[in-house]
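Let's take a look at a protein together.

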Amino acid sequence: MSFKLGFLTHVHGPGKDLRTVLRDLLTVFAAAEDLGFDGGWVAQHHFRTDYGRLPSPLVFFGAVAARAPRLRLGTAVTVLPLEDPIRLAEDAAVLDALSGGALELGLGTGGANTDAFARFGHDPADRHRLHDDNLGTLRLALGGTVLQPPARTLGDRLWQATSDVTRAAAIGRAGDGLLLGTAVHDPRKVQRPLAEAYTATSPRPRFGIVRAVFPAKDRQAAVADLAPALDLHRRNFAELTGLGIEEHLARINVHHGTAGEVTASLRADPAVLDFLNPDSWFLPVVQHELSDVDADIERLRVLATEIAPALGWRP
């Protein structure tokens, strides 16, 4: 098996100024390039000071392209209902030109950003309609002759996320990639049916599969490291309140322990290896709310040298 190895960050850093957070993150991206990763992906969030501090991923990627020019750069996701699709097309085209065609543009309806919709003058209940309308305009802009610089090939590098099997099938018919792995979605009951519905309609299935991956010297050390961050995490997900640490980690699909334990856990996951192929990405999340740069880079090192090769990846 072969696949592309990336990583996904939600850009944490509660209590830190954003300049420090972003500079530290540039260091992580540069380290990932040195370790042989194929790309780095970021999630877009609006008006946050704790979980998810980056509202403008494409601006940040301009700095990454200069610091780590061999990495592909992906969004997982850009909240399309809150974007002007023509302006998004222009910004994406400029970044794609700057990075030598490295952009992977992931789009979503903004389920994790519903509290931001009112500030943009939108009702979150309208998010699916807004997404679909904006996606149509975005496709026309990318495929047309007016956009400067032109970015016609970028239309072949669109990705979408969904939690609905009907929409997953539609994403397949459209020829877009499927981003799979929202933390609170059960792999067997939710994610695998999405992947199967998508595969059934896609002429060229390509997945971006997200998993939280926290290797450590042993499982106890991983739990001790993650426990304080889980207290912060619960504030953003009410359905996780009251869960014990191990139950919480299982509920949000965290693979943790030694490199061997993490590898075995990923192999047993019903919505990971069955759907990876050379056009697909494995996107581990290695940062928690309170981790530091050195710890994040060490996790990337273990992923690149032990876990991902054991799953079939080669740099």
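Is the crossing of H1 and H10 right-handed or left-handed? It's right-handed. Keep in mind that we're looking at a predicted model here.

So who are these two? H1 covers residues 18-34, and H10 covers residues 293-311. Angles under 35 degrees count as roughly parallel, so H1 is roughly parallel to H10.

## Who touches whom

Zoom in on the side of H1 that meets H10, and you'll find Asp24, Thr27, Val28, Ala31 and Ala32. On the H10 side, the residues in contact are Val293, Asp296, Ile297 and Leu300. Sort the residues of this contact by type and you get six nonpolar, one polar and two charged.

## Stepping back to the whole fold

Now zoom out. The protein has 10 helices and 11 strands. Its C-alpha atoms fill a box of roughly 55 × 45 × 40 Å along the principal axes.

Does that go with a compact globule or against one, and why? For 315 residues, a compact globule would have a radius of gyration near 20 Å, and the protein comes in at 18 Å, so the two agree.

## Inside the protein

Of the 315 residues, 54% are buried. Contacts reach across the sequence, too: take those between residues at least 6 apart in sequence, and 75% of them join residues at least 24 apart.

Note on methods. Residues are numbered from 1 along each chain as its sequence is written. This is a predicted model: local features need pLDDT of at least 70, side-chain atom pairs count only at pLDDT 80 or more; totals for chains, interfaces and linings use all residues. Side-chain values use heavy atoms; hydrogens and water are left out. Axes are lines fitted to C-alpha atoms, for helices over the stretch in contact, and angles run from 0 to 180 degrees between N-to-C directions. Helices (H or I, at least four residues) and strands (E, at least two) are DSSP runs, numbered from the N terminus. Angles under 35 degrees count as roughly parallel, over 145 as roughly antiparallel, 65 to 115 as roughly perpendicular and the rest as oblique. A crossing is left-handed if the near helix is turned anticlockwise from the far one by less than a right angle, and right-handed if clockwise. Contact means heavy atoms within 4.5 Å. Ala, Val, Leu, Ile, Met, Phe, Trp, Tyr, Cys and Pro count as nonpolar, Asp, Glu, Lys and Arg as charged, and the others, Gly among them, as polar. The radius of gyration is taken over C-alpha atoms; the globule rule is 2.2 Å times the number of residues to the power 0.38. Buried means under 20% relative accessible area, exposed over 50%, partly exposed in between (1.4 Å probe, protein chains only).
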